[in-house]
Each structure stands twice: as structure tokens, then as C-alpha cells.
Amino acid sequence: MLKNIIIVAVGGAIGSVARYLVSRVIQDSVSSGFPFGTMTVNIVGCLLIGFIGALAAEHGSISAETKLILTTGFCGGFTTFSTFMNESLTLFRTDSLLVSAIYVGMSVVLGLIAAAAGMYLGKMI
């Protein structure tokens with residue numbers, strides 16, 4: 001159990017730093033208050049977790065420890081669902097229902113497509 005906790009903690013730390021860096025680079029490259037950085041991180045995280053899950057399920061090509069560090073650890077630290085929810089509420093309160101709905105809708109639909117694409121890619125290998 002302690003070994004798994006350490007595995008998740010290491011993966012989560014790396015994922016959190018990656019989330020910060022990717023989100024900042026994306027957000028700093030656009031001149032908009034729209035949270036493109038968070039949306040991008042969430043979609044990429046969905047793609048990754050779908051891909052890793054498929055590799056584990058379809059091919060058995062990764063160990064249980066590797067799956068744990070990559071999914072629960074890295075992807076758990078990398079994706080930002082709580083930030084997504086907070087930004088959605090902020091958009092709703094400060095901009096408009098339409099902008100908030102577009103952000104939520106695009107994030108959910110593109111996230112589902114990315115997770116499916118990741119699973120497909122994982123099965124193709």
C-alpha cells in the first residue's frame with residue numbers, strides 16, 4: 001500500500017507541474033480571458049488516460065505500477081476538473097450563460113472525443 005501511495009504521489013507531482021506549465025504556455029499565447037489553457041489540459045488528459053487505459057486493457061503492455069503512476073498519479077495531477085468547474089462558475093457569474101455553456105460543452109464533447117481517440121490509438125498499437 002505504501003508503495004502505491006508513493007507511486008501516485010510522484011506521478012501526481014509530475015502531472016501537477018506539467019498541468020501548470022502547459023496551461024500557462026497555452027493561456028499566455030492567447031489574448032483572451034477564456035480558459036483555453038485549462039480546457040486544453042483537460043482534453044489532453046482525457047486523451048492520455050484513454051490511451052493508457054487501452055494499452056493496459058488491450059495489450060497488457062504496461063505493468064500495474066506503471067498504469068497507476070500514469071493514470072491515477074500523472075493524469076490525476078495533470079487534469080484539472082476542479083479548476084474547470086471553478087472557471088465555469090466564474091464565466092457564468094462574470095460573462096454570460098452562453099460563454100459558460102460553450103466552455104462546458106466544448107470541454108465535455110472534446111474530452112469524450114479525445115478519450116475515445118486515445119482508446120482507439122491504444123488498441124491500434
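Modeller: Helices (H or I, at least four residues) and strands (E, at least two) are DSSP runs, numbered from the N terminus. This is a predicted model, in which local features need pLDDT of at least 70 and side-chain atom pairs count only at pLDDT 80 or more, while totals for chains, interfaces and linings use all residues. Residues are numbered from 1 along each chain as its sequence is written, and side-chain values use heavy atoms, with hydrogens and water left out.

Colleague: How many helices and strands are there in the chain?

Modeller: The chain has five helices and zero strands, so that, read from the N terminus under the DSSP rule, its elements follow the order α-α-α-α-α. Along the principal axes, the C-alpha trace spans about 45 × 30 × 25 Å.

Colleague: What percentage of the 125 residues in the chain do buried residues make up?

Modeller: Burial is read from relative accessible area (buried under 20%, exposed over 50%, partly exposed in between, with a 1.4 Å probe and protein chains only), and by that reading 30% of the 125 residues are buried. The accessible surface, taken from the Shrake-Rupley method with a 1.4 Å probe, comes to about 7300 Å² for the chain, and carbon and sulfur atoms hold 73% of that surface.

Colleague: Which residues does glycine 15 touch, not counting residues up to four places away in sequence?

Modeller: A contact means heavy atoms within 4.5 Å. Glycine 15, which lies in helix α1, is buried at 0% relative accessibility, and beyond its sequence neighbours up to four places away it touches Phe74, Gly77 and Phe78. For the chain as a whole, among contacts with a separation of 6 or more, 73% join residues 24 or more positions apart.

Colleague: Where is the place of glutamine 27, and is glutamine 27 buried or exposed?

Modeller: Glutamine 27 belongs to helix α1, which covers residues 2-29, and its relative accessibility of 14% makes it buried. A polar atom of the glutamine 27 side chain lies 3.0 Å from the backbone nitrogen of phenylalanine 36. Apart from neighbours within four places in sequence, the contacts of glutamine 27 are Ser32, Phe34, Pro35, Phe36 and Gly37. Serine 23 also lies in helix α1 and is buried at 13% relative accessibility; with the neighbours within four places in sequence left aside, serine 23 is in contact with Gly37, Thr38 and Val41.

Colleague: Which residues is lysine 123 in contact with, leaving aside its neighbours within four places in sequence?

Modeller: Those residues are Ala54, Glu58 and His59. Lysine 123 is found in helix α5 and counts as partly exposed at 47% relative accessibility.

Colleague: Where is isoleucine 62 found?

Modeller: Isoleucine 62 sits in the loop between α2 (36-59) and α3 (64-78), where its relative accessible area of 21% makes it partly exposed. Once neighbours within four places in sequence are set aside, isoleucine 62 is in contact with Ile52, Ala56 and Lys67. Of these, isoleucine 52 is ten residues from isoleucine 62 in sequence, with 8.5 Å between the C-alpha atoms.

Colleague: Why is cysteine 75 too far from the closest cysteine sulfur for a bond?

Modeller: Cysteine 46 is in no disulfide, its nearest cysteine sulfur being that of cysteine 75. The sulfur of cysteine 75 is too far for a bond because the closest cysteine sulfur, in cysteine 46, is 8.9 Å away. In terms of accessibility, cysteine 46 is partly exposed at 25%, whereas cysteine 75 is buried at 2%.

Colleague: How far apart are the mean positions of the 6 positive and 5 negative charges of the chain?

Modeller: Lys and Arg count as positive and Asp and Glu as negative, with His and the chain ends not counted, and each charge is placed at NZ of Lys, CZ of Arg, CG of Asp or CD of Glu. On that basis, the mean positions of the 6 positive and 5 negative charges lie 6 Å apart.

Notes
A disulfide is a pair of cysteine sulfur atoms within 2.5 Å. A polar contact is a pair of N or O atoms within 3.5 Å; within protein, one must be able to donate a hydrogen and the other to accept it, and residues adjacent in sequence count only if both atoms are side-chain atoms.
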